[in-house]
Structure formats: structure tokens, C-alpha cells
Amino acid sequence: MANGDWRTQEKSLIPKQSGFATRAIHAGQEPEPATGAVTVPIYATSTYVQEEIGKHKGYEYSRVSNPTRDRLETNLAALEGGTASRVFASGMAAINAIASMLKAGDHVVAGHNLYGGTPRLFNQVLVNFGLTFTYVDTSDVDNVGRAFQKNTRLVFLETPTNPLMQLSDIRAISELSHRHGVEVVVDNTFMSPYFQRPIELGADMVVHSTTKFLNGHSDGLGGVVACTKPEQAEKLAFLQKAAGAILSPFECWLILRGVKTLAVRMEQHDRSGRKVADYLSKHKKVQKVFYPGLPDHPQHELAKRQMSGFGSMIAFETGSLANANKMLRKVHICSLAESLGGVETLISHPATMTHAAVGEEGRRKIGISDGMVRISVGIEDVDDILADLDQALAAI
Ligand SMILES: *Cc1c(COP(=O)(O)O)cnc(C)c1O
């Protein structure tokens, strides 16, 4: 392996049929040929020396390409089952890159309950450049079909949604969209490729905030687009070069390190997520729990079909803003903070934190109440998480 082409982009040297955990640890992460270093080095360089005019080793300037970034892009493409991937400075930069593949006059059908930053980008920035957006509840495939216009180019969806954990049928939406010549992009941040691989279900591109489960340690921001067609990979690489929202070699390295434990982390997130959801669903002070792993979740069957685990994102209803605050003031192990997907349990209040920008009316429309609390269950000892929630809920 060490004798392989060290510039591994788009040609991971490990067998394609290798299992997920093997790909996570080895795809793009082959030992470095010059020294045998088993971990990918951080190539902290802005430029590369050239032998003579036009003669170089494939690298000219780090906005265009960097070996650490190449390795990460190879790795993440292998995990999502895409032909290539491109990484960006944040999840939002990745979503902006996808939108930048469109032209003025193009129309996008988007989910009505997306990560708050996504409609902010669409409605407050991109509409000024002639893109138009229609928001529908994508959990009903017919809503998607009804929203199509002659100029629709893209369906953009998140499944499960944040924080209501509503699912959309990726396969059905992809089939419908392709019949209309429309491409489908899935924001797969909540599930990670370990539990859900939209490309295998027909999606054309997958986007992640690597800030969350992929990196997994709450210590860096990043975004990735995994794609299925060479022209997508080329366009996205051009956007890295032209617009410059690239991910630094150090952040790339953090994610390369983070994904090595993605499989074991996700297994534990899922085990603990199920226990916490079960505990909350039986608690007298909790009025409702939103988690696709609960048998009474309206799309539990779709969840079992489309995902190989239920993950660790749970929302629950405490009844009022005052109740939510009473419990959130009392948590010790769970940290009151935005974000998700780290090894530590993070707990948040969507109405005033992640979904404040949606506005009261917007929140009411999609069903986010003032008493709703969201938890990203970490991988601490689950009994300690449960005890912490128990004493906090007692304050209500
Ligand atoms: C956090 C998040 C984003 C934005 O990613 P950043 O890395 O914060 O820019 C996009 N989509 C989802 C689902 C997210 O959770």
C-alpha cells in the first residue's frame, strides 16, 4: 500500500467491498510513502515547489489542492458511497457550494424544517441572485411532486429533521425527482453515513456538516459534499478554487482522525440514544418524545427501512418555556449548548437557540414549541446521563 500513488484522491487503495469501519480507518488513510507514517500528515503549506515551468507533482497552491484535504475527500467519498467528495470550511459553505452550482432563474424545492442556517442562506442571500425556493413538508412525497416547476433543478432535504425528527422517503423522492430531471441533495448530518447512505437510496449528492458526528469531538467546523457524477466533482472543485471556502489542512486532519472511530461512536450513540428515548417516553413530566426509534413514531417503519440505526438525536416536550428553563438550569453532565454529534451530551432549547431565527410564526407552523428540548446523547456512561436528566426533570 505504501508504494501506491500517494495522491489518492478518487482512488482509495483499499478494496471497495471492505466493511464500513475498515473504510473509515483506511480509505484515503494509507501510510505516507516517504516516511511510512501511519497517520496522514498535516501538509501545512500554502504552495509547492516546481521543478521547471509547468512541471510539478500535481500540487500548485493549497486553495486548489492539498494532500491532507485529498486524503479526507477520498475517505468521505468512500464512506458515503459517492464517486468523489469535496470538503469546505463549514457545513454552510458546503451548502452554499451546492447552491452555487445553480444559475439565476433556477428553482429549488426544499424541506420546510431544515437546519436554521439553510433557509437563512436561501432566503436572505441566494434569492438576491435569482434563485427561488419552495418549502414543503417532504415527509409526504406528493408535496414534493406538487411543488415542481419547469425550472426546478434541485430537491434539498434533511431526514430526520431537526428537532422534530420527521423522516422523508429518500428512495421515493429520488425516483419521483429523477422522472422530472431534478437532482436530489440530502443533508445527512444527523445520521452520518454509518446509519444512512442516501446515495445508495438514489440521492445525487449528500452534504454534511462534518462539525457534528463525522468529526465527532466538537473541536472543529467543516462541511462536505459527496457526489455521484464526475461533472459534480469537477464543478465543486472549481468552486473550491474560485470561491475559496476550503477546509484547512489541520481541520481536515481532525476529521480524518475523528472518522476512525465513527463506527464505534455511532454504535454507542445509538445504544444510549435508545435508552434515553425510552426513559423520557416513560417520564411523567415529559409530554411527548420525538425519536424515530420509538415504536409510536409515525415513521418508525420507514426509519427501520431507510436507516440502520436510530442515532442519538431526541427532542421532547416539557410543556412550557418555564419548564424547559427549570430543567436546563439543573443539568450538569449534559451541557446546555448549540451543536450536536460530539462525544459529550449536548442539550439545547430550539425555540431560543437553533431555531430562534425561524421566528415564532415559523416555529408554530412546523410544530416547534417553547417547551421543546433537544438532546444530542453523547457517549458518556448512559446511567450518568439518565441520572443527570432525572434530577434535572425533578425541578419541573
Ligand atoms: C450544523 C448543521 C449545518 C451547518 O453546518 P456548520 O458546520 O455549522 O456550518 C447544516 N445542516 C445541519 C443538519 C446541521 O446540523
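This is a predicted model: local features need pLDDT of at least 70, side-chain atom pairs count only at pLDDT 80 or more; totals for chains, interfaces and linings use all residues.

A polar contact here is a pair of N or O atoms within 3.5 Å.

**Ligand contacts**

I started with Thr211. One of its polar side-chain atoms lies 2.7 Å from an oxygen atom of the ligand, within the 3.5 Å limit. Next I checked Lys212. An N or O atom in the Lys212 side chain is 2.8 Å from a ligand oxygen atom. Then I turned to Asp187. I looked up the area next. The ligand taken alone exposes 380 Å², and the protein buries 94% of that.

**Ligand shell**

I listed the residues around the ligand. They are Ser90, Gly91, Met92, Tyr115, Glu158, Asp187, Thr189, Ser209, Thr211, Lys212, Gly222 and Leu340. How does this shell divide into nonpolar, polar and charged residues? I found three nonpolar, six polar and three charged. I also looked up the pocket. The ligand takes up the space of the largest pocket.

**Sheet**

I traced an open sheet of five strands. Its order reads β8-β9-β12-β11-β10, and the pairing is mixed. Which strands stand at the edges? They are β8 (288–290) and β10 (335–336). Each has a single partner strand, so one side of each is left without a neighbour in the sheet. I reminded myself that strands of a sheet pair through backbone hydrogen bonds, either parallel or antiparallel. For β10 I looked up the partner. Strand β11 (residues 346–348) runs parallel to β10, and two bridges join them.

**Loop between β4 and α6**

I went through the backbone angles last. Most residues other than glycine have a negative phi, and most peptide bonds are trans. I looked for exceptions. The peptide bond from Thr159 to Pro160 is cis, with omega near -5 degrees. Pro160 lies in the loop between β4 (152–158) and α6 (170–179). Asn162 and Pro163 are also joined by a cis peptide bond, with omega about 0 degrees. Pro163 is placed in the loop between β4 and α6. Met165 has a positive phi, near 55 degrees, and is not a glycine. I found Met165 in the loop between β4 and α6 too.

Technical notes:
Residues are numbered from 1 along each chain as its sequence is written. Side-chain values use heavy atoms; hydrogens and water are left out. A residue is near a molecule or strand if one of its heavy atoms lies within 4 Å of it. A polar contact is a pair of N or O atoms within 3.5 Å; within protein, one must be able to donate a hydrogen and the other to accept it, and residues adjacent in sequence count only if both atoms are side-chain atoms. Accessible areas come from the Shrake-Rupley method with a 1.4 Å probe; for residues, only the protein chains shown count as cover. On a 1 Å grid over the protein atoms alone, a cavity is a set of points where a 1.4 Å probe fits but cannot get out, and a pocket is an open set with protein on both sides within 12 Å along at least five of seven lines; lining residues have an atom within 4 Å of a point. A molecule sits in a cavity or pocket if more than half of its atoms lie within 2 Å of its grid points. Ala, Val, Leu, Ile, Met, Phe, Trp, Tyr, Cys and Pro count as nonpolar, Asp, Glu, Lys and Arg as charged, and the others, Gly among them, as polar. Two strands pair if DSSP finds at least two bridges between them. Helices (H or I, at least four residues) and strands (E, at least two) are DSSP runs, numbered from the N terminus.
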